[in-house]
Amino acid sequence: MKRSIVAVGILAGIAFGTTAVAQTKPTIPVIVKDMTSPYWRTVLAGARKAGQDLGVNVVGLGTQSESDTNGQISILATAVASNPAAIVIAPSEFAALGKPIEEAAKKVKIIGIESAADTKAMTSLLATDNLNAGRVAADALAVAITKSYADTEGDVVMITSMPGVPSLDQRAKGFKDVVIAKYKALDITAEKVADGKPATVLGIMNDLIANTGDLRGVFVSDPTTAQAVSQAVVEKKTNDKINIVGVGSDEKLVKFLQDDVITGLVVEDPFRMGYEGVKTALAASKGEQVSANVDIGVTLITKANMGSARSQELLKPKVE
């Protein structure tokens, strides 16, 4: 697979082509899911800052697509072979990365970030509590519907970008659990799962707009899906307010938030995730005790609070 070969080649050139500076520092590869994604670039920016602060040679690695699971497995194998102090990895797929991580952990400490894998071999996992992200989104959507319609009732729908991704499934579960328990007059009339393609999401949302009698709210579990849903709502032929709450952010979603297309964004802290991932990996490599699980936390950003210093820090992280 061409993408994988390129990524592994980059790793070999950095990890094995040591310099005088690199030789004096521990090396920690940070393997993300997608080197082109703003989210993962922010994770790597946090990791690099930790490297600067802690005296670590941080090597940022990844494929060009989150779906290139085989590529990530190859990168992990090459990283292990480079004898690093520890490895930080965001597993691209729960089941497929389980065994490779288990094998890698026999030789080096493995720190997971963002999502889990089918193994207990990782020394620590730093991630967002995705169940809680869904819960926060449910409360936010209920508040928005109440504000728009003066009651908390009507139809809501859930759209997930692709199947088999634990973080997305957990967000959906957290959302659904809260709606069922707290907002009994809100009816979840559809739970749709797409194929990872924005065009598919756009088609799903257009169909829901056309065929859902009292559609007042939409929960979307990732930024790409939120963009497609927002576009469909912008282009809709009805004046009825459809409130959208999503998880994650990017420049397009911030614009939709400013324009009142999106009601709220439940935002993670990828910079902190990268920073703390490297910090934890360094501690583990020295034999220090580290927490098995660390919740990175989420923040609800709305148009009302998006101008705050903290919101701006999360919406517009400094990525080198």
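Strands here are DSSP E runs of at least two residues, helices are H or I runs of at least four, and both are numbered from the N terminus. What you're looking at is a predicted model, where local features need pLDDT of at least 70, side-chain atom pairs count only at pLDDT 80 or more, and totals for chains, interfaces and linings use all residues. Residues are numbered from 1 along each chain as its sequence is written, and side-chain values use heavy atoms, with hydrogens and water left out.

On to β6, which pairs with β8 in the parallel sense over five bridges. Pick Asp155 there, and its bridge partner in β8 is Leu215. Then go to β10 (residues 264-267), which is parallel to β9 (residues 243-247) over three bridges; Val247 has Val266 as its bridge partner in β10.

Zoom out to see the whole sheet. It is open, with six strands in the order β7-β6-β8-β9-β10-β12 and mixed pairing. At the edges sit β7 (186-193) and β12 (299-302), each pairing on one side only. From one strand to the next, the twist averages 20 degrees, the strand axes being lines fitted to C-alpha atoms and angles running from 0 to 180 degrees between N-to-C directions.

Is β8 mostly covered or mostly open? Mostly covered: six of its six residues are buried, where buried means under 20% relative accessible area, exposed over 50% and partly exposed in between, with a 1.4 Å probe and protein chains only.

Next, select Ile159, Met205, Val218 and Val229. In the largest nonpolar core, which has 31 residues, these touch the most other members. A nonpolar core is a set of buried Ala, Val, Leu, Ile, Met, Phe, Trp, Tyr and Cys residues joined through side-chain atoms within 4.5 Å. Elements giving two or more residues to this core include β6 (154-160), α8 (198-211), β8 (215-220) and α9 (223-234). Centre on Met205: setting aside residues up to four places away in sequence, it touches Ile159, Leu215, Val218, Val229, Ala232, Val233 and Ile242, contact meaning heavy atoms within 4.5 Å.

Apart from that core lies another, of 25 residues, with Ala50, Leu126, Tyr275 and Val290 among them.

Follow Leu126 to β5 (residues 124-127). Both faces are covered, with Ser124 and Leu126 buried on one side and Leu125 and Ala127 on the other. In a regular strand the side chains alternate between the two faces of the sheet. β5 runs parallel to β4 over three bridges, and also to β11 (residues 293-295) over three bridges.

Follow Ala50 to α3, where the buried residues include Trp40, Val43, Leu44 and Ala50. Among the elements covering the buried residues of α3 are β1 (27-31), β2 (57-61), β4 (109-113) and α11 (270-285). At the N-terminal end, Ser37 is the cap, with a side-chain oxygen 3.2 Å from the backbone nitrogen of Tyr39. After α3 comes Gly55, with a positive phi near 75 degrees.

Last stop: Ser167, in helix α7 (residues 166-182). Ser167 is buried, at a relative accessible area of 4%. Leaving aside neighbours within four places in sequence, Ser167 contacts Glu114 and Asn130.

Key: Pairing = 2+ DSSP bridges. Polar contact = N/O pair within 3.5 Å; in protein donor to acceptor, adjacent residues only side chain to side chain.
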